[in-house]
Structure formats: structure tokens, C-alpha cells
Number of protein chains: 2
Amino acid sequence: MKQGEDRRVTRTRRLLRQALVKRMREKSVSSITVKELCDECDINRGTFYSHYSDVAALLESIENDLFAQLQQMLAQLSAEEMLSRNNPSRTMVALFEFLRENADICAALLCDNGDPAFIERVRVFVRREVLGEWRHMFSDGDGERQEYTFAFLVSGSMGMLQHWLESGLTLTPEQMAEMLTEFITQGVAVMR
Amino acid sequence: MKQGEDRRVTRTRRLLRQALVKRMREKSVSSITVKELCDECDINRGTFYSHYSDVAALLESIENDLFAQLQQMLAQLSAEEMLSRNNPSRTMVALFEFLRENADICAALLCDNGDPAFIERVRVFVRREVLGEWRHMFSDGDGERQEYTFAFLVSGSMGMLQHWLESGLTLTPEQMAEMLTEFITQGVAVMR
DNA sequence: ACGGATACTAAACTGTGTGTTGATTATCTC
DNA sequence: GAGATAATCAACACACAGTTTAGTATCCGT
């Protein structure tokens with residue numbers, strides 16, 4: 001009944017999403033107009049409004065889809081992980097693989113004129129999912145200092161991630177996970 | 001002749017800058033209209049256009065002023081530094097002091113819906129001025145790895161900085177400089 | 001492959017912000 | 001105080017935002 005959506009709907013939404021992702025490479029989200037997206041993919045402007053209330057809503061639907069996929073992947077992974085506890089950074093590798101597979105969208109969302117709200121969302125996610133794994137390894141210190149530690153690590157991780165996306169994914173997800181893990185647990189600086 | 005600018009001009013520009021900084025706390029730059037800024041401070045819209053071509057130009061003038069101040073401060077500082085080479089993090093302390101003094105503007109520019117272009121500008125700056133000091137302390141590794149190291153450190157530093165601005169500047173510039181220096185040179189993680 | 005349902009189109013219309021202009025008024029500088 | 005300059009006011013054409021209408025094309029189930 002509900003399962004198969006109308007092809008026309010699927011097509012329209014797909015085209016609009018592609019157009020938005022494409023534009024986001026060039027300019028900030030909030031300066032992208034409904035008109036230019038519709039012109040781009042020959043969609044009537046009225047049609048746009050029958051699917052989304054505005055550009056922000058279109059963007060949100062893209063982000064939600066991405067996060068839903070991610071959540072699903074992680075849920076499945078942590079089920080497997082329950083059994084074999086031998087590789088703690090498996091989650092991180094999976095994360096980088098996910099990013100690589102959705103590189104076009106992720107790059108658009110996380111690049112310089114990406115969506116700050118989405119970046120913040122990822123930031124919270126990284127803090128919970130990634131740093132959570134290492135939380136027990138950090139010395140407590142006072143609470144305030146730990147806040148700064150986390151701010152440093154989360155932003156640092158995001159920076160690496162952005163650099164990876166911008167520089168054409170030349171490293172493998174495994175290499176990225178390994179390097180990031182090292183930075184977090186052992187620090188970056190090696191004295192001469 | 002040129003030195004004392006017309007009071008009216010000064011007043012208009014000051015009001016517009018204040019209005020923009022105020023709005024930037026609430027919404028993204030590119031969604032701020034000329035009209036709402038003019039309404040905010042009772043300035044005729046025509047007057048706005050006799051000073052700036054658009055909102056982006058107004059923003060740019062604020063950023064340029066800030067950077068000019070910063071450059072001047074650093075130039076003066078490095079002159080002193082030439083003589084007494086005993087305290088390598090003096091520059092960093094001065095940087096945090098500068099940020100605290102211009103906290104309102106900096107918070108607006110660097111917060112979640114700040115200006116990505118400005119954030120990038122600061123990023124480049126941090127990389128040159130701050131990390132340059134420690135460059136000799138990093139093991140070389142291959143070039144690519146160093147790129148990731150720098151991406152990690154620069155973004156991490158920015159993250160700490162943003163957290164500082166957002167959390168009401170509860171630490172002193174000295175404490176911030178000390179902590180950041182430690183993170184960069186020794187890493188963050190202390191194993192239990 | 002037909003027929004009802006539904007998504008899309010085309011074209012209008014109102015509303016709001018943009019960027020500019022020219023005449024007028026207020027304010028500054030000397 | 002006089003002349004210069006900046007700000008105001010009102011009106012302009014223009015572009016995009018949303019919404020609505022009637023008409024057309026496409027899809028889906030049987």
C-alpha cells in the first residue's frame with residue numbers, strides 16, 4: 001500500500017536534492033533560492049512547495065536521511081560488536097567508510113559553506129559516539145578542563161575529517177581511523 | 001583634514017556594525033537583510049547604501065578592522081619578543097587577551113552561525129602564527145600525515161577558542177594559553 | 001490497457017526586500 | 001554664520017517568495 005512511492009515523487013525529490021547538494025559546493029545554504037533550484041532541474045516552483053516548505057526543509061530532509069542511515073548502520077554494527085569485543089575501533093572505521101560512501105553529500109554539508117546546524121549535529125554525535133569510547137581513558141581533572149579537552153578533540157576530529165573530504169579521500173578509512181585514534185589517545189606531537 | 005571623520009558618518013557606521021553583530025548572534029549572516037539592520041537603528045536604507053554595497057561588505061569592514069588591530073598588536077609584540085626570547089607563549093597569551101577584549105564581535109563571528117569565510121581566515125592565521133611556533137617540534141613524518149596533524153591541531157584550537165567565548169570567558173588568557181600549549185605539545189590524553 | 005487517482009505545469013497575484021535616484025532637510029566643519 | 005556634506009524621504013523598477021487556479025501528464029492497480 002504505502003511501500004512503493006510514486007515514481008514522480010521520487011524523481012522530483014531526487015532532482016531537488018541533487019540540485020541543492022550541487023549548489024552548496026559553491027555558495028552558502030541560506031543564499032540559495034527556491035527559484036534557482038527549480039530552474040536547475042526544470043521543476044515548477046509550485047511543485048517544490050508541495051514537497052518542502054522552503055530550502056531549509058529540503059536540506060533537513062537530506063540530513064535526516066543521512067543520519068537515519070548512519071544510525072541503522074551503527075545499530076547493526078554494535079550488535080555484532082557485542083559478540084566479538086576484540087576490535088574497539090571497528091566503529092570508527094565503519095564511520096569513515098560511511099563518510100566515504102556518502103562523500104558528495106557529506107562534503108557539501110561539512111565544507112566551508114556547509115550547514116552550521118548539521119556540523120553542530122555531527123559534533124554532538126562525534127562527542128557521544130566516538131569520544132564516549134575513550135572517556136574512561138581520560139584523567140578526570142576538574143570538570144571545566146575536561147570540557148576544553150573535549151572541545152579540542154571534537155573539533156580536531158572534525159578538522160581531520162573535513163581535510164579528508166576536501167583532499168579527495170586519498171587515505172583509506174582504516175588509515176584515517178588509525179591516525180585519529182592515535183591522535184586522541186597519544187596526542188599528536190612527537191618531539192624531535 | 002582627513003583625520004577627523006564626520007561625526008555623522010562615524011555614528012552611522014557604528015550603529016550599523018552594532019546592529020549586525022547583534023543579529024549575528026541569532027541568525028546566519030546571509031539571511032540578515034539590509035532593511036532589518038536599518039530598522040533596528042533607525043537609519044534610512046539609502047544611507048546604508050551610501051556606506052556599504054551590501055551586508056557582506058559591512059561584515060567585511062568589521063573583519064578587516066579586527067584583523068588590522070590584531071596585526072598591529074602582533075607586530076608590536078614581535079618587536080619586543082625579538083629582544084627577550086625567554087617566553088615563547090607570550091604571543092599566544094596576547095592573542096587570547098585580544099579575543100577577550102573583542103569578545104562580543106569575535107563571539108558573533110566565530111559562533112555557530114558566524115561567518116565561515118572569517119573562520120577560515122582565522123584558521124589560516126592560527127596555522128601560520130600559532131603552529132608556526134611549534135613547527136620545529138613536530139616529527140616530520142610524511143607530508144600528508146603532517147597535513148592531518150595540522151588540520152587536527154588548528155581545528156582543535158579553534159574549538160577550544162569557541163568554547164571559551166561561548167562559556168563566558170571564565171578562564172584567564174594565561175590559563176587558556178597554558179592549556180592550549182600543553183594540548184599541542186604534549187597531547188590531551190592522560191591514561192589512568 | 002483502461003480509468004481513476006495523483007503529481008506536475010503554467011500562469012496569475014500579493015507581498016517583501018533590493019538597489020537606485022532626486023529633491024529636501026539636518027548637521028558638521030571651518 | 002556660511003558653505004559643504006551627510007542623512008532623510010518618497011518613489012521607482014525589479015526579483016524572489018509563497019499561494020492559488022485550472023488544465024495536463026503520468027502513474028498504479030485490476
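1. A residue is called buried here when its relative accessible area is under 20%, exposed when that area is over 50%, and partly exposed in between (1.4 Å probe, protein chains only). By that criterion A:Phe183, with a relative accessible area of 1%, is buried, and B:Phe152 is likewise buried at 1%.

2. The model is predicted, and local features need pLDDT of at least 70, side-chain atom pairs count only at pLDDT 80 or more, and totals for chains, interfaces and linings use all residues. Residues are numbered from 1 along each chain as its sequence is written, chains are lettered from A and ligands numbered from 1 in the order in which they are written, and side-chain values use heavy atoms, with hydrogens and water left out.

3. Over all chains, the search finds 13 aromatic pairs (rings of Phe, Tyr and Trp, the last by its six-membered ring, with centres within 6.5 Å; planes under 30 degrees apart are stacked, over 60 edge-to-face, the rest tilted). One of them joins A:Phe183 and B:Phe152, a tilted pair at 5.1 Å centre to centre with 50° between the planes. This pair crosses between chains, from helix H9 (residues 173-186) of chain A to helix H8 (residues 143-166) of chain B, helices being DSSP runs (H or I, at least four residues) numbered from the N terminus. Ring pairs also link A:Phe152, A:Phe183, B:Phe152 and B:Phe183 into a cluster.

4. Within chain B, the ring centres of B:Phe96 and B:Trp164 are 5.4 Å apart and the planes lie at 85°, so this pair is edge-to-face. The two residues, in helix H5 (residues 90-101) and helix H8 respectively, are 68 residues apart; B:Phe96 is buried at 4%, and B:Trp164 is buried at 0%.
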